[in-house]
Amino acid sequence: TFAITIGLVIGGGFLVDWTRNGTSAFIAGLLTSALNMLVPVIIKLLMFIEKHQHEDDRQKSLYLKVTLFRWVNTAITVKFATPLTHLIGVDKTDLIGAINGILISEIFFVPLLGMLDIMGNISKHYFAPRAKTLQQMLLCFKGTAYNIAEKYTDVTKIVFLSYYYCALNPNFLVMGCAALLLRYCTDKFCLMRTWYSAPYIGGSVAQFSRTYFFPFAIVAGIASSAFDWALFNFDRVCKSLDGTFTPGSFLVMLGDDTDMNITVNDNNLYRVCDAENCCQEAPWWSWPPVPDRLQPKSTNFEWMSTEQEDLTRIFGWTSCAAIVIFILLAFSRNLVRLTCSLFKGTYKPDGADQKIDLCNAPGMEGYIPQIRIGFGAVFPAIACDLTGVDVNLIGWNDPQTEFSSTGYNIHNLFHEMPMFHEDEDDNDDDGVYKNFSTVKFWMKDDISNDTLDENRGLA
């Protein structure tokens, strides 16, 4: 699946570059936003091939693949496919126009599609009135599916894009802020009104994003800005340190084949480089991006002014410090924890006992193994034996059946596939069937005069 994702990244880059050269950078920006919505759907289908023990592991894998595509497709490919002299121009193929198109579509186009919920409204207002059975009608009101990992990649993509190009146009930071604000409002509306509940996976994906991807987006923006400040003003014009030029008046031919007389008063000699050999075409491995590395005196050509050299030197070493700090903060803790675990226990309890039973906490649900079938069922399929389990802990109920453990049998795979639990050889020593998840429920000892419902526990 990772190799297929790489193929999608390469294919998306070629498609955006072809559209940009054939039409305009703004249209290519809209296409980039469209690919950022369509390709994650393909990646989510590929996730069915992968096998993960926990849902949060699956979400992390999806997060990594979608982030790779969106970051490369949105920011990195666009810059690498742009010639140096077209980074800050105003032509239709210049980079600034492409980034403007991407951010404008992220501000207006993507949130508008989320608010419209086109497929959800078609399902509710067209297919539901024409449903033949009650179950078919209920399926039309399930709500639109969403994925927490995809939502995090959507946010990190905007942060990464804004920081990555902020040196070329600081207005991108303002546009990125507007995109995030509108995304927050639209996602909050959709979460309350149109989306259906996602699986409970805890905060592992959020912590994974905060620890690695958000800081990396900022660090990558700092490193990119250091190179942009060093290579400004992207014109391939270098000043020669050897030789002088005789000032005077000259007849020159302009790009539209017209002649014009110009007067040159500067006696400095300049060189206009070509695309194949230019002192400004610094490779990415020229690190750190400081004047001594990018503009060595041995070349006898320079393009930086004294002020630009000072700023580039500060920015270059700051980017190195930011990378070192990111590596230490992101990875040193896990490395130290791994080293300490070889010599002593590292477990520490998180939180404190609140002296409140699970069943006495309003809105709390137990972990009942369930499988979301998709478009074929209104409710999830239960994957365990519910005998003796309090049904209030399941989290949902079917109004068409009895509100008891036997009423959920129609949704329980344990009773749909008896061939997997009737064989005595499949039982362990405690009589628990290994083919299905095991859920045990115990009533607490009645140590007071309270009702049994107030003294229940789940394990």
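Predicted model: local features only at pLDDT ≥ 70, side-chain atom pairs only at ≥ 80, totals over all residues.
Trainee: OK. Which residues make the nonpolar surface patch?
Mentor: Leu112, Leu116, Ile118, Met119, Ile122, Tyr126 and Phe127 make it, and the patch covers about 700 Å². Two elements give two or more residues to the patch: α4 (95-116) and α5 (118-127).

Trainee: And which element gives the most to the patch?
Mentor: That's α5, with 5 residues.

Trainee: Where does phenylalanine 127 lie, and how does its accessibility count?
Mentor: Phenylalanine 127 lies in helix α5. Its relative accessibility is 46%, so phenylalanine 127 counts as partly exposed.

Trainee: Let's back up to the whole fold. How many helices and strands are there in the protein chain?
Mentor: There are 12 helices and 9 strands in the protein chain. Of its 459 residues, 37% are buried.

Trainee: What share of the contacts comes from residues 24 or more positions apart?
Mentor: Taking contacts in the protein chain with a separation of 6 or more, 66% are between residues 24 or more positions apart.

Trainee: Switching to salt bridges: how many are there?
Mentor: The count comes to 9 salt bridges.

Trainee: Let's walk through some of that. What does lysine 44 form a salt bridge with?
Mentor: Lysine 44 pairs with glutamate 150, and their closest N and O atoms are 2.9 Å apart. Lysine 44 lies in helix α2 (residues 25-46) and glutamate 150 in helix α7 (residues 148-164), so the pair ties together parts 106 residues apart in sequence.

Trainee: Is that lysine 44 buried or partly exposed? And what about glutamate 150, buried or exposed?
Mentor: Lysine 44 has 23% relative accessibility, so it counts as partly exposed. Glutamate 150 is at 14%, so it counts as buried, the cut-off for buried being under 20%.

Trainee: Which arginine does glutamate 150 meet in a salt bridge?
Mentor: Arginine 70, with an N to O distance of 3.5 Å. This pair also links distant parts of the chain, with glutamate 150 in helix α7 and arginine 70 in helix α3, 80 residues apart. Both glutamate 150 and arginine 70 are buried.

Trainee: What about lysine 157, what's the partner there?
Mentor: Lysine 157 forms a salt bridge with aspartate 154, and the closest N and O atoms are 2.9 Å apart.

Trainee: How many residues apart are lysine 157 and aspartate 154 in helix α7?
Mentor: They're 3 residues apart in helix α7, so about one helical turn separates lysine 157 from aspartate 154. Lysine 157 is buried, with a relative accessible area of 3%. Aspartate 154 is buried too, at 8%.

Trainee: New topic, cavities. How many are there of 30 Å³ or more?
Mentor: There is 1 cavity of 30 Å³ or more. About 50 Å³ of space lies in the largest cavity.

Trainee: Which residues line the largest cavity?
Mentor: Its lining is Gly13, Val16, Asp17, Arg20, Asn73, Thr77, Val78 and Ala81. The elements giving two or more residues to that lining are α1 (2-22) and α3 (55-80).

Trainee: Which of the elements gives the most to the lining?
Mentor: α1 does, with 4 residues.

Methods:
Residues numbered from 1 in each chain as written. Heavy atoms only, no water. Buried < 20%, exposed > 50% of the residue type's maximum accessible area, 1.4 Å probe, protein only. Contact = heavy atoms within 4.5 Å. Patch = residues over 30% accessible without salt bridge, like charges linked within 9 Å, V, L, I, M, F, W, Y side chains within 5 Å. Areas by Shrake-Rupley, 256 points an atom, 1.4 Å probe, with all protein chains shown as cover. Salt bridge = Lys/Arg side-chain N within 4 Å of Asp/Glu carboxyl O. 1 Å grid on protein atoms, 1.4 Å probe; cavity = no way out; pocket = protein on both sides within 12 Å on 5 of 7 lines; lining within 4 Å. Points joined across faces, edges and corners; volume = space filled by probe spheres on them.
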